[in-house]
Amino acid sequence: MTAADWALLTSTFVASFVECVEALTIVLAMAITRGWRAAVAGTVAALVALAAFTVAAGYALANWLPTAALQLVVGTLLLIFGLQWLRKAILRSAGLKSLHDEEAEFAEQTAAARSAPVRTILGVDAFGFIVSLKGVFLEGVEVVFIVITFGLNAKNVPLASVGGGAAALLVLVLGLVVHRPLSAVPENTLKYGVGLMLTTFGTFWSLEGLGIFRSGRVSLAWPGADWAILVLLAGWFVWSRLLIGWLRRGVDDRRTTVEVAA
Amino acid sequence: MNAVRAVGEFFFELIIGDDPKIAAAVVLALGVALLALVLGASATVVTTVGAVAVVVAFTASLLLGTRR
């Protein structure tokens, strides 16, 4: 395997792992409060829907869109996903948002599930089924999207799928073994890394894809070609650290003012 | 109709998420880069201006969200 193959495998594995940990928390909360039958049925239904979505989206992206349009569409979506992750990571690191905690998320989900009314459809609890289905599908779509786009760009969708699938399998096994949310996973750090990665590739591809609007409809070339990706990654990392430092100083100043006033 | 609405809500939640300012910032930044392209700028200028526009728009959306 080349260095690029390892990079593809690692990035799809990490992105998938983080999303699967969140999905596991939701499914476990439903399983414990609403029963395993509803949680498992919801998860299986979501996986079937995800398989159909993967086939349809993969075929459409690979066959229907010209390269520049593909880069513009997937780049824009990756940029939005990436900046959402990066925003949360910056706010958490600066102390403006509480760290994502799977135990707290689990407690919130179980409390909501316990207070929801009981309604069964075909012997399956409707609330547990719907929440599990929605949770797994929503987290899964992001994984599928990352795997397809990174795989298509590297011209190695099978390897990207191995990365995503291995992470899903690992989380499933860990969930079955420990039977509780995976709160020991350094989720916030992983999300920061994935946010930087998605933002970098999103910036690169979306701007390349603007070439669809010029005559010839060919992608725009970045100065330095693919080396621009490393420059963008370094740039986003440095800028995010500066923002964290700046916002953190603001938080410290406010604390000092409050203490002095008290 | 409920199914269409559910699909719409799903994609809204997926793409817009809990902060619509991020999607707006991305659209705005790409719009700036597209404007440069339409005005005849070279690929180097369009990609550079676009990257800077993304950084500026994201920073503005972040700071707007933290303003008290």
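This short talk walks through a predicted model with chains A and B.

Some ground rules. Residues are numbered from 1 along each chain as its sequence is written, and chains are lettered from A, with ligands numbered from 1, in the order in which they are written. Because the model is predicted, local features need pLDDT of at least 70 and side-chain atom pairs count only at pLDDT 80 or more, while totals for chains, interfaces and linings use all residues.

Chain A to begin. It has eight helices and two strands. Helices (H or I, at least four residues) and strands (E, at least two) are DSSP runs, numbered from the N terminus. Along the sequence the pattern is α-α-α-α-β-β-α-α-α-α. The C-alpha atoms fill a box of roughly 60 × 60 × 35 Å along the principal axes.

How much of chain A is buried? Of its 262 residues, 44% are. Buried means 20 or more other C-beta atoms within 10 Å of the residue's own; exposed means 12 or fewer; partly exposed is in between; C-beta atoms are placed from the backbone.

Now contacts. Two residues are in contact if their C-beta atoms, placed from the backbone, lie within 7 Å. Take contacts in chain A between residues at least 6 apart in sequence: 84% join residues at least 24 apart.

Next, the core. A nonpolar core is a set of buried Ala, Val, Leu, Ile, Met, Phe, Trp, Tyr and Cys residues joined through C-beta atoms within 7 Å. The largest one has 85 residues, and Val27(A), Met30(A), Leu210(A) and Val26(B) touch the most other members. Helix H1 of chain A, residues 3-34, gives this core its largest share, 16 residues. Look at Met30(A). Beyond neighbours within four places in sequence, its contacts include Ala38(A), Gly42(A), Ala113(A) and Val131(A).

Find it in the loop between helix H5 (126-153) and helix H6 (157-178) of chain A. Why is Ala154(A) partly exposed? Because it has 17 other C-beta atoms within 10 Å. Not counting residues up to four places away in sequence, Ala154(A) touches Ala4(A), Leu8(A) and Ala160(A).

Finally, the two chains together. Here 24 residues of chain B are in contact with 25 residues of chain A. On chain B, helices H1 (2-15), H2 (20-38) and H3 (43-66) each supply at least two residues of the touching side. H3(B) gives the largest share, twelve residues. That side of chain B divides into 16 nonpolar, six polar and two charged residues. Nonpolar covers Ala, Val, Leu, Ile, Met, Phe, Trp, Tyr, Cys and Pro; charged covers Asp, Glu, Lys and Arg; the others, Gly among them, are polar.
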